[in-house]
Amino acid sequence: MKIPVLPFVLAVAAYPVFSHGVNVIWELRGDSVHVTGSFDDGQPMDNAQVTVFSGAAPSEPYLTGVTDESGKFSFLPDRVESENWDVQLRKAGHGEIVHISLSDAPTMQGGHGRFSVMQIVLMAVCVVWGFTGTALFFASKREKRNAHT
Amino acid sequence: MHIPDGMLPGEICIAGYAGTAALTWLCVKKAQNTYKEPAKLVSRASVMAAAFFVVSWIHIPLPPVSVHPILAGLMGILLGWISFPAILVGLFFQAAMFGHGGFTTLGVNALSMGGASLVSWAVYRLLRRKPGEKAILIAGFVAGFTGVSVAVIFTGSVLILTIPSYIDTGIEISGILAMAVAHIPVALGEGVFTGLIARFLLKVKPDMLV
(Lines give C-alpha, C1' and ligand atoms only; values in the text may rest on other atoms or scores of the structure.)
Protein backbone atom coordinates (compact mmCIF):
# COMPACT_ATOMS: atom_id res chain seq x y z
CA MET A 1 0.00 0.00 0.00
CA LYS A 2 1.49 3.29 -1.09
CA ILE A 3 1.65 6.14 1.37
CA PRO A 4 0.84 9.46 -0.30
CA VAL A 5 3.99 11.50 0.05
CA LEU A 6 2.98 14.68 -1.71
CA PRO A 7 1.01 16.27 1.16
CA PHE A 8 3.99 15.85 3.49
CA VAL A 9 6.36 17.36 0.94
CA LEU A 10 4.06 20.33 0.51
CA ALA A 11 3.75 20.75 4.28
CA VAL A 12 7.50 21.10 4.67
CA ALA A 13 8.12 23.04 1.48
CA ALA A 14 5.47 25.62 2.28
CA TYR A 15 7.23 27.09 5.29
CA PRO A 16 8.87 30.07 3.53
CA VAL A 17 5.53 31.52 2.53
CA PHE A 18 3.52 31.33 5.72
CA SER A 19 1.78 34.66 5.68
CA HIS A 20 -1.80 35.72 5.54
CA GLY A 21 -3.04 35.68 9.08
CA VAL A 22 -3.06 38.70 11.30
CA ASN A 23 -1.30 39.15 14.62
CA VAL A 24 -2.34 41.87 17.03
CA ILE A 25 -0.52 42.69 20.23
CA TRP A 26 -1.33 45.34 22.74
CA GLU A 27 0.45 47.08 25.56
CA LEU A 28 -0.72 49.29 28.37
CA ARG A 29 1.67 52.15 29.01
CA GLY A 30 0.47 54.47 31.72
CA ASP A 31 -3.16 55.16 30.90
CA SER A 32 -2.86 54.54 27.15
CA VAL A 33 -3.38 51.34 25.23
CA HIS A 34 -1.02 50.81 22.29
CA VAL A 35 -2.08 48.28 19.66
CA THR A 36 0.14 46.92 16.89
CA GLY A 37 -1.16 44.84 13.99
CA SER A 38 0.97 42.83 11.60
CA PHE A 39 0.62 40.00 9.12
CA ASP A 40 2.22 36.60 9.66
CA ASP A 41 5.22 37.54 7.53
CA GLY A 42 5.95 40.47 9.82
CA GLN A 43 4.61 43.13 7.48
CA PRO A 44 2.80 45.88 9.42
CA MET A 45 -0.94 46.12 9.06
CA ASP A 46 -0.81 49.72 7.93
CA ASN A 47 -3.91 51.80 7.24
CA ALA A 48 -6.14 49.16 8.78
CA GLN A 49 -9.45 50.32 10.15
CA VAL A 50 -9.58 50.15 13.93
CA THR A 51 -12.75 49.90 15.98
CA VAL A 52 -12.70 50.03 19.76
CA PHE A 53 -15.58 48.58 21.77
CA SER A 54 -16.17 49.21 25.45
CA GLY A 55 -17.25 46.37 27.71
CA ALA A 56 -20.14 48.56 28.86
CA ALA A 57 -21.56 48.76 25.32
CA PRO A 58 -20.02 45.91 23.32
CA SER A 59 -22.12 46.38 20.19
CA GLU A 60 -21.59 50.12 19.79
CA PRO A 61 -18.21 51.42 18.62
CA TYR A 62 -16.55 53.57 21.27
CA LEU A 63 -13.89 54.87 18.93
CA THR A 64 -12.77 54.36 15.34
CA GLY A 65 -9.51 55.14 13.64
CA VAL A 66 -6.79 53.91 11.30
CA THR A 67 -3.43 52.34 12.05
CA ASP A 68 -0.33 54.25 11.00
CA GLU A 69 2.38 53.09 8.58
CA SER A 70 3.81 50.83 11.28
CA GLY A 71 0.46 49.21 12.01
CA LYS A 72 0.15 51.02 15.33
CA PHE A 73 -2.82 52.65 17.00
CA SER A 74 -3.22 54.15 20.43
CA PHE A 75 -6.17 55.26 22.48
CA LEU A 76 -7.05 56.37 25.97
CA PRO A 77 -9.68 54.04 27.47
CA ASP A 78 -12.16 55.47 29.95
CA ARG A 79 -11.67 53.31 33.03
CA VAL A 80 -14.84 54.68 34.56
CA GLU A 81 -16.83 53.33 31.66
CA SER A 82 -15.23 49.90 31.62
CA GLU A 83 -12.10 47.95 32.50
CA ASN A 84 -12.63 45.65 29.53
CA TRP A 85 -12.16 46.65 25.92
CA ASP A 86 -12.21 44.93 22.55
CA VAL A 87 -10.17 46.27 19.68
CA GLN A 88 -10.76 45.11 16.12
CA LEU A 89 -8.31 45.68 13.28
CA ARG A 90 -9.72 45.13 9.82
CA LYS A 91 -8.26 45.42 6.33
CA ALA A 92 -9.85 44.01 3.16
CA GLY A 93 -11.72 41.31 5.03
CA HIS A 94 -8.70 40.26 7.10
CA GLY A 95 -8.42 41.14 10.72
CA GLU A 96 -8.38 40.23 14.34
CA ILE A 97 -10.11 41.18 17.57
CA VAL A 98 -8.18 41.36 20.83
CA HIS A 99 -9.66 41.55 24.27
CA ILE A 100 -8.01 43.97 26.67
CA SER A 101 -8.51 43.87 30.41
CA LEU A 102 -7.12 46.88 32.22
CA SER A 103 -7.67 45.61 35.71
CA ASP A 104 -4.94 43.01 36.02
CA ALA A 105 -1.68 44.91 36.29
CA PRO A 106 -0.17 48.41 35.94
CA THR A 107 1.47 47.51 32.70
CA MET A 108 0.39 44.59 30.62
CA GLN A 109 0.55 43.23 27.18
CA GLY A 110 -1.08 40.45 25.31
CA GLY A 111 -2.53 39.44 22.00
CA HIS A 112 -2.00 36.73 19.43
CA GLY A 113 1.64 35.99 18.69
CA ARG A 114 3.19 34.04 15.86
CA PHE A 115 4.09 30.38 15.79
CA SER A 116 7.67 29.55 14.99
CA VAL A 117 8.47 27.83 11.71
CA MET A 118 9.20 24.57 13.48
CA GLN A 119 5.85 24.68 15.29
CA ILE A 120 4.01 25.30 12.05
CA VAL A 121 5.77 22.50 10.20
CA LEU A 122 5.21 20.09 13.10
CA MET A 123 1.52 20.90 13.34
CA ALA A 124 1.09 20.59 9.59
CA VAL A 125 2.84 17.23 9.49
CA CYS A 126 0.67 15.95 12.38
CA VAL A 127 -2.55 16.99 10.67
CA VAL A 128 -1.45 15.60 7.32
CA TRP A 129 -0.53 12.32 9.00
CA GLY A 130 -3.98 12.24 10.56
CA PHE A 131 -5.59 12.59 7.15
CA THR A 132 -3.22 10.04 5.64
CA GLY A 133 -3.88 7.56 8.45
CA THR A 134 -7.59 7.88 7.81
CA ALA A 135 -7.04 7.24 4.12
CA LEU A 136 -4.91 4.17 4.81
CA PHE A 137 -7.43 2.83 7.32
CA PHE A 138 -10.28 2.94 4.84
CA ALA A 139 -8.08 1.62 2.06
CA SER A 140 -7.00 -1.38 4.16
CA LYS A 141 -10.62 -2.14 5.07
CA ARG A 142 -11.44 -2.21 1.40
CA GLU A 143 -8.49 -4.49 0.62
CA LYS A 144 -9.52 -6.97 3.33
CA ARG A 145 -13.08 -7.01 2.04
CA ASN A 146 -11.87 -7.60 -1.52
CA ALA A 147 -9.54 -10.40 -0.31
CA HIS A 148 -12.46 -12.22 1.37
CA THR A 149 -14.64 -12.03 -1.70
CA MET B 1 -10.08 33.76 0.99
CA HIS B 2 -10.80 32.64 4.53
CA ILE B 3 -12.99 34.95 6.60
CA PRO B 4 -11.69 35.24 10.17
CA ASP B 5 -13.76 35.49 13.34
CA GLY B 6 -15.32 38.84 14.08
CA MET B 7 -15.76 39.90 10.46
CA LEU B 8 -19.40 38.85 10.02
CA PRO B 9 -22.59 39.53 11.99
CA GLY B 10 -23.94 36.70 14.13
CA GLU B 11 -26.98 36.15 11.94
CA ILE B 12 -24.80 35.55 8.89
CA CYS B 13 -22.63 33.11 10.80
CA ILE B 14 -25.69 31.18 11.94
CA ALA B 15 -27.07 31.15 8.40
CA GLY B 16 -23.70 29.89 7.20
CA TYR B 17 -23.79 27.02 9.67
CA ALA B 18 -27.37 26.18 8.72
CA GLY B 19 -26.51 26.15 5.02
CA THR B 20 -23.39 24.07 5.61
CA ALA B 21 -25.29 21.54 7.73
CA ALA B 22 -27.94 21.17 5.05
CA LEU B 23 -25.41 20.84 2.24
CA THR B 24 -23.30 18.35 4.19
CA TRP B 25 -26.35 16.18 4.81
CA LEU B 26 -27.33 16.42 1.14
CA CYS B 27 -23.82 15.59 -0.11
CA VAL B 28 -23.45 12.55 2.17
CA LYS B 29 -26.90 11.30 1.18
CA LYS B 30 -26.17 11.77 -2.51
CA ALA B 31 -22.80 10.03 -2.14
CA GLN B 32 -24.42 7.01 -0.46
CA ASN B 33 -27.02 6.74 -3.20
CA THR B 34 -24.76 7.52 -6.16
CA TYR B 35 -21.48 5.69 -5.57
CA LYS B 36 -21.22 1.91 -5.44
CA GLU B 37 -18.35 2.10 -2.95
CA PRO B 38 -18.56 5.37 -0.99
CA ALA B 39 -15.80 4.12 1.36
CA LYS B 40 -13.40 4.09 -1.60
CA LEU B 41 -13.89 7.81 -1.92
CA VAL B 42 -13.31 8.37 1.81
CA SER B 43 -9.65 7.37 1.57
CA ARG B 44 -9.21 9.59 -1.49
CA ALA B 45 -11.09 12.40 0.30
CA SER B 46 -8.68 12.14 3.25
CA VAL B 47 -5.66 12.60 1.01
CA MET B 48 -7.31 15.47 -0.85
CA ALA B 49 -8.32 17.13 2.43
CA ALA B 50 -4.68 16.94 3.49
CA ALA B 51 -3.63 18.53 0.21
CA PHE B 52 -6.28 21.25 0.65
CA PHE B 53 -5.10 21.87 4.21
CA VAL B 54 -1.53 22.39 3.08
CA VAL B 55 -2.04 24.14 -0.25
CA SER B 56 -4.46 26.75 1.12
CA TRP B 57 -1.68 27.67 3.47
CA ILE B 58 0.85 28.38 0.74
CA HIS B 59 0.54 32.10 0.34
CA ILE B 60 1.80 33.79 -2.79
CA PRO B 61 2.77 37.42 -2.23
CA LEU B 62 1.28 39.69 -4.88
CA PRO B 63 1.98 43.11 -3.36
CA PRO B 64 0.23 44.65 -1.64
CA VAL B 65 -1.77 41.47 -0.92
CA SER B 66 -1.06 37.76 -0.67
CA VAL B 67 -3.22 35.02 -2.14
CA HIS B 68 -3.36 31.23 -1.88
CA PRO B 69 -4.55 28.33 -4.04
CA ILE B 70 -7.83 26.68 -3.11
CA LEU B 71 -7.98 23.41 -5.12
CA ALA B 72 -11.79 23.54 -5.08
CA GLY B 73 -12.01 22.62 -8.76
CA LEU B 74 -9.66 19.65 -8.47
CA MET B 75 -11.43 18.39 -5.37
CA GLY B 76 -14.75 18.66 -7.15
CA ILE B 77 -13.71 16.56 -10.13
CA LEU B 78 -11.94 13.93 -8.00
CA LEU B 79 -14.42 13.65 -5.13
CA GLY B 80 -17.79 14.74 -6.48
CA TRP B 81 -20.34 14.91 -3.69
CA ILE B 82 -17.67 14.12 -1.07
CA SER B 83 -15.73 17.28 -1.94
CA PHE B 84 -17.95 19.47 0.24
CA PRO B 85 -17.51 17.53 3.50
CA ALA B 86 -13.80 17.06 2.75
CA ILE B 87 -13.30 20.80 2.41
CA LEU B 88 -15.35 21.38 5.57
CA VAL B 89 -13.00 19.10 7.52
CA GLY B 90 -9.95 20.81 6.01
CA LEU B 91 -11.30 24.23 6.96
CA PHE B 92 -11.95 23.08 10.52
CA PHE B 93 -8.35 21.99 10.96
CA GLN B 94 -7.04 25.20 9.41
CA ALA B 95 -9.09 27.23 11.89
CA ALA B 96 -8.12 25.00 14.82
CA MET B 97 -4.39 24.76 14.13
CA PHE B 98 -3.47 28.13 12.66
CA GLY B 99 -6.46 30.39 13.06
CA HIS B 100 -6.69 30.53 9.27
CA GLY B 101 -10.37 31.28 8.97
CA GLY B 102 -12.58 31.51 12.02
CA PHE B 103 -14.80 29.09 13.90
CA THR B 104 -17.83 31.36 13.86
CA THR B 105 -17.29 31.85 10.13
CA LEU B 106 -16.62 28.16 9.41
CA GLY B 107 -20.08 27.70 7.92
CA VAL B 108 -19.70 30.66 5.57
CA ASN B 109 -16.17 29.60 4.56
CA ALA B 110 -17.43 26.08 3.87
CA LEU B 111 -20.27 27.41 1.72
CA SER B 112 -17.73 29.51 -0.16
CA MET B 113 -15.05 26.94 -0.89
CA GLY B 114 -17.09 23.76 -0.58
CA GLY B 115 -19.86 25.28 -2.66
CA ALA B 116 -17.25 26.30 -5.24
CA SER B 117 -16.10 22.68 -5.51
CA LEU B 118 -19.63 21.49 -6.21
CA VAL B 119 -20.20 24.20 -8.83
CA SER B 120 -16.86 23.33 -10.46
CA TRP B 121 -17.80 19.68 -10.57
CA ALA B 122 -21.16 20.51 -12.18
CA VAL B 123 -19.45 22.64 -14.83
CA TYR B 124 -16.88 19.91 -15.42
CA ARG B 125 -19.56 17.26 -15.93
CA LEU B 126 -21.34 19.48 -18.43
CA LEU B 127 -18.21 20.09 -20.47
CA ARG B 128 -16.74 16.59 -20.36
CA ARG B 129 -19.65 15.06 -22.22
CA LYS B 130 -17.62 15.55 -25.34
CA PRO B 131 -15.14 12.72 -25.70
CA GLY B 132 -11.42 13.09 -26.02
CA GLU B 133 -8.38 14.50 -24.27
CA LYS B 134 -8.89 18.04 -25.50
CA ALA B 135 -12.39 18.17 -24.08
CA ILE B 136 -11.19 16.87 -20.72
CA LEU B 137 -8.35 19.40 -20.71
CA ILE B 138 -10.80 22.23 -21.31
CA ALA B 139 -13.31 20.85 -18.82
CA GLY B 140 -10.59 20.56 -16.19
CA PHE B 141 -9.32 24.08 -16.87
CA VAL B 142 -12.80 25.55 -16.57
CA ALA B 143 -13.42 23.56 -13.36
CA GLY B 144 -10.20 24.82 -11.79
CA PHE B 145 -10.84 28.40 -12.87
CA THR B 146 -14.45 28.23 -11.68
CA GLY B 147 -13.45 26.87 -8.29
CA VAL B 148 -11.36 29.92 -7.45
CA SER B 149 -13.71 32.40 -9.09
CA VAL B 150 -16.84 31.21 -7.31
CA ALA B 151 -15.10 31.17 -3.93
CA VAL B 152 -13.70 34.67 -4.42
CA ILE B 153 -16.99 36.11 -5.66
CA PHE B 154 -18.97 34.49 -2.83
CA THR B 155 -16.55 35.56 -0.11
CA GLY B 156 -16.14 39.06 -1.51
CA SER B 157 -19.89 39.50 -1.81
CA VAL B 158 -20.52 38.36 1.75
CA LEU B 159 -17.84 40.70 3.08
CA ILE B 160 -19.09 43.69 1.08
CA LEU B 161 -22.74 43.14 1.95
CA THR B 162 -21.99 42.89 5.67
CA ILE B 163 -19.64 45.84 6.10
CA PRO B 164 -20.57 47.45 9.42
CA SER B 165 -21.83 51.00 9.35
CA TYR B 166 -18.92 52.25 11.48
CA ILE B 167 -16.34 51.08 8.93
CA ASP B 168 -15.27 53.30 6.03
CA THR B 169 -17.14 51.46 3.27
CA GLY B 170 -15.14 52.90 0.39
CA ILE B 171 -11.77 51.83 1.78
CA GLU B 172 -13.00 48.38 2.70
CA ILE B 173 -14.66 47.72 -0.68
CA SER B 174 -11.53 48.87 -2.48
CA GLY B 175 -9.44 46.48 -0.42
CA ILE B 176 -11.78 43.55 -1.03
CA LEU B 177 -11.90 44.24 -4.77
CA ALA B 178 -8.10 44.43 -4.86
CA MET B 179 -7.95 41.02 -3.18
CA ALA B 180 -10.45 39.65 -5.70
CA VAL B 181 -8.48 40.92 -8.69
CA ALA B 182 -5.30 39.51 -7.19
CA HIS B 183 -6.88 36.05 -7.37
CA ILE B 184 -7.16 36.12 -11.18
CA PRO B 185 -3.65 34.65 -11.65
CA VAL B 186 -4.52 32.01 -9.04
CA ALA B 187 -7.70 31.10 -10.94
CA LEU B 188 -5.77 30.82 -14.21
CA GLY B 189 -3.02 28.79 -12.56
CA GLU B 190 -5.47 26.40 -10.93
CA GLY B 191 -7.31 26.09 -14.22
CA VAL B 192 -4.16 25.00 -16.02
CA PHE B 193 -3.16 22.68 -13.18
CA THR B 194 -6.60 21.05 -12.95
CA GLY B 195 -6.85 20.64 -16.71
CA LEU B 196 -3.46 18.92 -16.90
CA ILE B 197 -4.30 16.63 -13.98
CA ALA B 198 -7.65 15.72 -15.56
CA ARG B 199 -6.00 14.89 -18.88
CA PHE B 200 -3.31 12.85 -17.17
CA LEU B 201 -5.86 10.87 -15.16
CA LEU B 202 -7.92 10.24 -18.27
CA LYS B 203 -4.91 8.45 -19.73
CA VAL B 204 -3.73 6.48 -16.70
CA LYS B 205 -6.68 6.07 -14.33
CA PRO B 206 -9.92 7.43 -15.76
CA ASP B 207 -12.06 5.98 -12.96
CA MET B 208 -10.57 8.59 -10.60
CA LEU B 209 -12.49 11.30 -12.42
CA VAL B 210 -15.92 11.39 -10.83
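Chain A contains two helices and eight strands, taken as DSSP runs of at least four residues (H or I) for helices and at least two (E) for strands, numbered from the N terminus. The model is predicted: local features need pLDDT of at least 70, side-chain atom pairs count only at pLDDT 80 or more, and totals for chains, interfaces and linings use all residues. Residues are numbered from 1 along each chain as its sequence is written, chains are lettered from A in the order in which they are written, and side-chain values use heavy atoms, without hydrogens and water.

The elements of chain A follow the order α-β-β-β-β-β-β-β-β-α from the N terminus. Of the 149 residues in chain A, 38% are buried (under 20% relative accessible area, 1.4 Å probe, protein chains only).

Chain A meets chain B through 37 residues of chain A and 38 residues of chain B; contact means heavy atoms within 4.5 Å. About 3,400 Å² is buried between the two chains, 70% of it on carbon and sulfur atoms. This area is the accessible area (1.4 Å probe) lost on putting two parts together, summed over both.

One salt bridge links chain A and chain B, defined as a side-chain nitrogen of Lys or Arg within 4 Å of a carboxyl oxygen of Asp or Glu. It joins A:R90 and B:E172 at 2.8 Å, N to O. On the side of chain A that touches chain B, α1 (6-13), β3 (49-54), β4 (57-66), β6 (84-91), β7 (94-101) and α2 (117-148) each supply at least two residues. The most come from α2(A), with twelve residues.

Note on methods
Buried < 20%, exposed > 50% of the residue type's maximum accessible area, 1.4 Å probe, protein only.
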